[in-house]
Amino acid sequence: MDFGYSRTDFLFQPKLLMVLFMLVAADASSENAKTVEFNVKPGGVVHSFTEKIKEYECTFTYASQGGTNEQWQMSVGLSDDDRLFSCSVWRPQGKSYLFFTQFKAEIKGAKIEYANAYSQSAVGGLKDVALKEEEYITGDSTVTHKEGKFRAELSKLTIIGRTRHDEL
């Protein structure tokens with residue numbers, strides 16, 4: 001049957017790429033995936049948190065206001081063939097009560113193929129609520145808030161990048 005899609009079209013659909021990576025990462029060895037906790041601190045001061053696997057790195061930089069520290073997590077993963085690198089930053093409770101005045105996530109060693117930002121993440125019966133595309137900008141290696149459009153709500157960021165892995 002011909003459904004009008006080539007194999008290439010299928011593989012480069014962003015949501016399919018994300019699902020494919022999640023399946024690959026779920027099977028990845030512990031040296032290729034890790035999740036760490038960190039505090040997101042209010043007060044309007046710019047803070048950064050970085051995690052890496054091998055030569056691949058993810059940095060989350062932000063400033064937020066209101067409330068007290070929140071416990072967040074960052075997961076980084078590398079597919080078994082070293083072709084895809086992922087970085088996810090989120091609040092495990094699903095919704096942040098902080099107001100983010102800015103955010104930026106940057107990956108090193110890979111070019112972004114898929115990125116999405118959410119005002120709420122799927123936890124405890126809640127569903128993912130994506131930010132409007134006009135609220136943030138995705139570049140080759142960064143995802144950042146869009147000045148004047150971002151509505152200060154952030155609870156999750158997901159990035160998948162294609163590494164610059166060379167064939168032997």
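**Disulfide**

I looked for cysteine pairs and found that Cys58 and Cys87 are joined by a disulfide, S to S 2.0 Å (a disulfide being a pair of cysteine sulfur atoms within 2.5 Å). The pair links distant parts of the chain, with Cys58 in strand 3 (residues 56–65) and Cys87 in strand 5 (residues 84–90), 29 residues apart. Strands are DSSP runs of E, at least two residues long, numbered from the N terminus. I noted that the structure holds 1 disulfide.

The model is predicted: local features need pLDDT of at least 70, side-chain atom pairs count only at pLDDT 80 or more, and totals for chains, interfaces and linings use all residues. Residues are numbered from 1 along each chain as its sequence is written, and side-chain values use heavy atoms, with hydrogens and water left out.

Which hand does the disulfide have? I read a torsion of about -60° about the S-S bond of Cys58 and Cys87, so the disulfide is left-handed.

I then checked accessibility at both ends. Cys58 has 0% relative accessibility and counts as buried (buried means under 20% relative accessible area, exposed over 50%, partly exposed in between, with a 1.4 Å probe and protein chains only). Cys87 is buried as well, at 1%.

**Salt bridges**

I counted 9 salt bridges, taking a salt bridge as a side-chain nitrogen of Lys or Arg within 4 Å of a carboxyl oxygen of Asp or Glu. I wrote up some of them below.

Entry for Lys108 and Glu57: they form a salt bridge, and their closest N and O atoms are 3.7 Å apart. This pair links distant parts of the chain, 51 residues apart, with Lys108 in strand 6 (residues 99–108) and Glu57 in strand 3. Lys108 is partly exposed at 43% relative accessible area, whereas Glu57 is buried at 18%.

Entry for Glu70 and Arg91: I found their side chains in a salt bridge, 3.4 Å from N to O. Glu70 lies in strand 4 (residues 70–78) and Arg91 in the loop between strand 5 and strand 6, 21 residues apart. Are these two residues buried or exposed? Glu70 is buried, at 5% relative accessible area, and Arg91 counts as buried at 12%.

Entry for Glu113 and Arg162: their side chains meet in a salt bridge at 3.6 Å, N to O. I placed Glu113 in strand 7 (residues 110–120) and Arg162 in strand 11 (residues 156–163), 49 residues apart. Glu113 counts as partly exposed at 31%, and Arg162 is partly exposed at 28%.

How values were computed:
Helix = DSSP H or I, 4+ residues; strand = E, 2+ residues; numbered from the N terminus.
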